[in-house]
Amino acid sequence: MTAETHQPRILLGIAYRVAAMACMACLSALVKWTGSRGVPVFEIIFFRNLFAFAPLAFYIARTTGFGVLKTDRLGGHALRSVVGLTGMVCGFSAVQRLPLTEATALQFTSPLFMTALSAMLLSEKVGRHRWAAVLTGFVGVLIMARPVPGEMNVTGVALGILSALGAAGAMVAIRQIADTERGATIVFYFTLGGVLMGAAGSLFHWVTPDPLTLAALVLGGLIGGVGQLFLTEALRQAPIGVIAPFDYTQLVWASFIGLFVWGEFPSLFTLVGAVIVAASGVYILHRELRRFRRPA
């Protein structure tokens, strides 16, 4: 690839990543809104994954073909889905209990957990620089959480942190199957697992939505599916080290949506803590990339 063609592809990758973050912020807002209309979390998960199949099927048909769905590692996909969907349940619950900006900022702790889990579960060597970044990141979490009696939403913050832990665990599970499984395969079985989990959970509590709420649920599924595809395309166009820092633009989108829809002003604690967590995450990414480049 020449330098003339490389730069436009990198810019396209960045654009896809920013668009994906906008989709994820919109999805979180729709989760928060439909939850306020009385729709249970498992029902939201059911719609989010069911209608995500539409853009996903279109993408697979246009790129890899449906032969990509053949797999010999259903157990690995099941583990990734259970861990990731547990995180999704916690994340959707956190969004309904916290301001949108704060719930989004707590999700940024995922790289911190991923570093710790990689050391414990995959026996990866984690140096003192990355451990220092992890500890610094958790200081940012404490600033965001404001552990002062009467000021901390204990349930919301706990669910937000568990959501990030679930996302980190899902990424570790993906590492264990990524040597044989394509991205489209992993996304398909995760989405299928979400439909099954959402349907099973909805058996115990189903609320028939009114037409407007139903439209929001369907839109959430479509936006979530499109956002997932944008993430995939971003990785096809540009290196992870270039595009990953743009994940933090989700906080900007969430801040605008929270302000204009619910009149939520991000607190100074949330913003300061989010900056510390984001800086820690970017530094961890920098050290990861240096570690993988060193043998070359």
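**View 1. F260 in helix α12.** F260 is exposed, with a relative accessible area of 67%; exposed means over 50%, buried under 20% and partly exposed in between, with a 1.4 Å probe and protein chains only. The residue belongs to helix α12, which spans residues 249–262. Helices are DSSP runs of H or I with at least four residues, numbered from the N terminus. The model is predicted: local features need pLDDT of at least 70, side-chain atom pairs count only at pLDDT 80 or more, and totals for chains, interfaces and linings use all residues. Residues are numbered from 1 along each chain as its sequence is written, and side-chain values use heavy atoms, with hydrogens and water left out.

**View 2. A nonpolar surface patch.** V252, F256, F260, V261 and W262 make up the patch, and their accessible area together is about 530 Å². Such a patch joins nonpolar side chains (Val, Leu, Ile, Met, Phe, Trp, Tyr) within 5 Å, from residues with over 30% relative accessible area and no salt bridge, a salt bridge being a side-chain nitrogen of Lys or Arg within 4 Å of a carboxyl oxygen of Asp or Glu. Areas come from the Shrake-Rupley method with a 1.4 Å probe; for residues, only the protein chains shown count as cover.

**View 3. Surroundings of I143.** I143 is located in helix α7 (residues 128–145) and is partly exposed at 26% relative accessible area. Beyond neighbours within four places in sequence, I143 contacts F269, V272, G273 and I276; contact means heavy atoms within 4.5 Å. The C-alpha atom of A20, 123 residues away along the chain, is 27 Å from that of I143.

**View 4. Surroundings of Q237.** Q237 is part of helix α10 (residues 211–237). Its relative accessibility is 16%, so Q237 counts as buried. Excluding residues up to four places away in sequence, Q237 touches R9, I10, L12, G13 and Y16.

Terms used: Helices (H or I, at least four residues) and strands (E, at least two) are DSSP runs, numbered from the N terminus. Patches are made of residues with over 30% relative accessible area and no salt bridge: like charges are joined within 9 Å, nonpolar side chains (Val, Leu, Ile, Met, Phe, Trp, Tyr) within 5 Å.
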